[in-house]
Amino acid sequence: MKLQMTRPGLLAGALMIAGCTTGSLNPQADKDRDGGVSFPEFDAYMKETIFNEFDANKDGVVTREEWRKQNPSGPASKFKGADRNGDGKASRAESDAKLDQDGSMKKLFQKIDTDRNGRLSEAEITAFQALMQQQPGTDLEKLKQAADQS
């Protein structure tokens, strides 16, 4: 079963780590092919996935308009926080810095890593996927809520 990339696509991106339930971890996330996803692997994979989902025209920056299309109900201050130099666009480096500053990837990783061993197993990712599918709201709202509850 292949997951659909939904708008804003963040939940689907997170769940892609599980290999879309194919029975093996996504090799793009499990860079060292050791059968688990460490925080550095998760962090790099998620940042790339999120940025690429928002960068609709694939020009290497996310404009305010691209951000708004993916996050129509989000406050403008969130985009402004990512657009650190105020030029109306968020580069990948600016986006990564914002995610590092608010700790959202770390919080999300800790939420998924239920055995607290510092690595995500396929079972943990599958359990998180099931939990998120039961929650109301958009993918972005679900991930934010999950990270905030850690």
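Author: The buried residues of α5 (92–102) pack against α2 (39–54), α4 (76–82), β3 (89–91) and α6 (104–112) in this predicted model. Local features here need pLDDT of at least 70, side-chain atom pairs count only at pLDDT 80 or more, and totals for chains, interfaces and linings use all residues. Residues are numbered from 1 along each chain as its sequence is written, and side-chain values use heavy atoms, with hydrogens and water left out.

Reader: Which residues in α5 are buried?

Author: Buried means under 20% relative accessible area (1.4 Å probe, protein chains only). In α5, these are Glu94, Ser95, Asp96 and Leu99.

Reader: How is a pair of packed helices described?

Author: One gives the angle between their axes and the distance between the axes. For α2 and α5 the angle is about 125°, and the axes lie 10 Å apart.

Reader: Which residues in α2 and α5 meet?

Author: Contact means heavy atoms within 4.5 Å. Asp43, Ala44, Lys47, Glu48 and Phe51 in α2 meet Arg92, Ser95, Asp96, Leu99 and Asp100 in α5. Of these residues, 3 are nonpolar, 1 is polar and 6 are charged.

Reader: At what angle do α6 and α7 pack?

Author: Helix α6 and helix α7 (residues 122–134) pack at about 100°, with their axes 9 Å apart. That makes α6 roughly perpendicular to α7. Leu108, Lys111 and Ile112 in α6 meet Glu124, Ile125 and Phe128 in α7.

Technical notes
Axes are lines fitted to C-alpha atoms, for helices over the stretch in contact, and angles run from 0 to 180 degrees between N-to-C directions. Helices (H or I, at least four residues) and strands (E, at least two) are DSSP runs, numbered from the N terminus. Ala, Val, Leu, Ile, Met, Phe, Trp, Tyr, Cys and Pro count as nonpolar, Asp, Glu, Lys and Arg as charged, and the others, Gly among them, as polar. Buried means under 20% relative accessible area, exposed over 50%, partly exposed in between (1.4 Å probe, protein chains only). Angles under 35 degrees count as roughly parallel, over 145 as roughly antiparallel, 65 to 115 as roughly perpendicular and the rest as oblique.
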